[in-house]
Every structure is written in C-alpha cells, then in structure tokens.
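Please read this report with the sequence and the model side by side, and look up each residue as it is mentioned.

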Amino acid sequence: MMPPHAFLGFLIGLSLTRVAETQPDHASLKPQRVHFQSRNFHNVLHWRPGRACTGNSSLYFVQYKMYGQRQWTNKETCWGIQEFFCDLTNETSAIQEPYYGRVKTASAGIHSGWTMTRRFIPWWETKIDPPVMNITQVNGSLLVILHAPNLPHRDQKGNSVSMDNYYQLVYRVFIISNSLEKEQKVYEGAHRVIEVEALAPHAVYCVVAEIYRPELDRRSQRSEERCVTIP
C-alpha cells in the first residue's frame, strides 16, 4: 500500500501533468509569418496566430526598433491587441533606414517568445500605386495630367511630401483606339502633363498609365482605363 505522503505527491504530479497537457507550450503560441507589408510608405506589420492559438482569447504584443539600436520599443496602441496587424508607419518614417518588428502572444496566462521580421527597408520594399490620371480634350488632342500617389509623411511645415522626393519617377502613358490593333506607348519620361496629338476624329481612345522606378527596375500596376471620344 502506498504511504499517504507518496500518494499525495502522486496526485499533485498527476494534476500538474493534466494542466500541462491542456495548456499550450511556448513554442506553439509563437506568432507565425511576421512580416511588413508596405504600400506608398504605409508600413503595416502582419502576422498569423501560432499553432496552438484558437478562438479570440490570444493577445498580441508588438515592438520595433531601427537597425543598430540596442533597445526595443513597445508600440503602445498594439500592446495586448487581438488583431493580426499593427500600423508602424510613423515609427518607420526614415524610409532608407532598416527596421525590425517583433510580436509575441499571451494566452491563458502563458507568454510565447518573440517572433521577429527580417530586415525591412521601406524605400526598397514599398509598392507604389499607379498614378492618378485626369484627361481633358483640347482641340482634338488629349491632355493627360498625372499625379503620383499620396504619401503619409509631412515636411517640417506640415506640407505633403511628394513621391518624387524619394525616387526618380518615370511616367509611361499608353493609348488604345478602335482603329489600332494594339496599344501604343505615347510617352515615357518625368513630365506629368502630356499632350497626345495627331488623333483621328470620331475615334474612341482609351488611356492607361503607370509609374516606373529605374533605381529598382520596378513598375506600378496600371491605372484604370479612361476612354474618350474625339469629336
């Protein structure tokens, strides 16, 4: 027969084993696929829940730092949140500097370790939208006016900062008409006001534009097609 003190120890051990079996371990709580997504320098940290995270009971904690800094900084508005993303645009505004972000999880009183992003440089990684395009008819020609995407940053006077401050932007304009068998590139360069001439009367012309960044050899998606009938 088991002595009373040994039997009590056995019950305590069994209880602890059952608790351990029902609680997730630290590794299975760690957030997965922690990465930045950046568009027009809006830099948002994203992640997926750990394998053991179920329902909405898990909380997430976000920190960030610039490369070379020793200390991590808490993102106060993303401290103990249930969402799977955190906007770090203001914290990563020096766009040519490398940054890191990291996330940890808390669930049922257990905290996971941190999961860190790879190095993130906004200037290199941000995707830019196509140009905003306005078209006006002028004496049988088309006047195409292009605008680069808006950015979240402001200068010291509070004015909007242009994308041209960061890249050598090249605008490409294409037209398609009902008399052409394929599209035609009518402009490539840095000007944002382009006049398209020598158009056939009574023809329908559709215009699209894109932005090219030669430093990175990358182009934006194309703008929405705008169609105009020449009188």
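What is the handedness of the disulfide of cysteine 206 and cysteine 227, given the torsion about its S-S bond? The torsion about that bond is about 105°, so the disulfide is right-handed. This is a predicted model, and the values in this report are computed from it.

## Disulfides

A disulfide is a covalent bond between the sulfur atoms of two cysteines. The structure holds two disulfides, and if the bonded cysteines of the protein chain are numbered in sequence order, the pairing reads 1-2, 3-4. The table lists both bonds.

| Disulfide | S to S distance |
|---|---|
| Cysteine 78 to cysteine 86 | 2.2 Å |
| Cysteine 206 to cysteine 227 | 2.0 Å |

In the bond that joins cysteine 206 to cysteine 227, cysteine 206 belongs to strand S14 (residues 204–213) and cysteine 227 to strand S16 (residues 226–229), so the pair ties together parts that are 21 residues apart in sequence. Cysteine 206 is buried, with a relative accessible area of 13%, whereas cysteine 227 is partly exposed, with a relative accessible area of 45%.

For cysteine 78 and cysteine 86, the torsion about the S-S bond is about 95°, so this disulfide is right-handed. Cysteine 78 is buried, having a relative accessible area of 6%, and cysteine 86 counts as buried as well, at 1% relative accessibility.

## A buried valine and a buried threonine

Which bonded cysteines does valine 62 touch? Leaving aside residues up to four places away in sequence, valine 62 touches both Cys78 and Cys86, and its other contacts include Leu45, Trp47, Lys75, Trp79 and Leu88. Valine 62 is found in strand S3 (residues 59–66), and it is buried, with a relative accessible area of 0%. Its C-alpha atom lies 8.9 Å from that of threonine 77, while 15 residues separate valine 62 and threonine 77 in sequence.

Threonine 105, which lies in strand S6, also counts as buried, at 0% relative accessibility. A polar atom of the side chain of threonine 105 lies 3.0 Å from the backbone oxygen of leucine 29.

## Salt bridges

Side chains of opposite charge can pair when their charged atoms come close. The structure holds ten salt bridges, and one of them is formed by the side chains of arginine 39 and aspartate 129, at 2.8 Å from N to O. Arginine 39 lies in strand S1 (residues 32–39) and aspartate 129 in the loop between helix H3 (122–125) and strand S9 (132–138), so the pair ties together parts that are 90 residues apart in sequence. Arginine 39 counts as partly exposed, at 38% relative accessibility, and aspartate 129 is partly exposed at 25%.

Are lysine 75 and glutamate 91 buried or exposed? Lysine 75 is buried, and so is glutamate 91. The side chains of lysine 75 and glutamate 91 meet in a salt bridge with an N to O distance of 2.7 Å. This pair links distant parts of the chain, since lysine 75 is in strand S4 (residues 73–81) and glutamate 91 is in the loop between strand S5 (85–87) and strand S6 (99–107), 16 residues apart.

Another salt bridge brings together the side chains of arginine 118 and glutamate 125, at 3.1 Å from N to O, and here arginine 118 counts as exposed, at 59% relative accessibility. Salt bridges also link Arg172, Glu183, Lys185, Glu188, Glu210, Arg219 and Arg222 in a network.

In soluble globular proteins, nonpolar side chains tend to be buried together. The largest nonpolar core of this model has 29 residues, of which Leu142, Leu146, Met163 and Val207 touch the most other members. At least two residues of this core are supplied by each of S9, strand S10 (141–147), strand S11 (170–177), strand S13 (193–196) and S14, and the largest share, four residues, comes from S14.

Leucine 146 touches residues from several parts of the sequence, among them Pro131, Val132, Met133, Tyr171, Val173, Ile194 and Ala209, when residues up to four places away in sequence are not counted. A second, separate core has 14 residues, including Val34, Leu45, Trp47 and Tyr64.

How values were computed. Residues numbered from 1 in each chain as written. Predicted model: local features only at pLDDT ≥ 70, side-chain atom pairs only at ≥ 80, totals over all residues. Heavy atoms only, no water. Disulfide = S-S within 2.5 Å. Buried < 20%, exposed > 50% of the residue type's maximum accessible area, 1.4 Å probe, protein only. Contact = heavy atoms within 4.5 Å. Salt bridge = Lys/Arg side-chain N within 4 Å of Asp/Glu carboxyl O. Polar contact = N/O pair within 3.5 Å; in protein donor to acceptor, adjacent residues only side chain to side chain. Core = buried A, V, L, I, M, F, W, Y, C linked by side-chain atoms within 4.5 Å.
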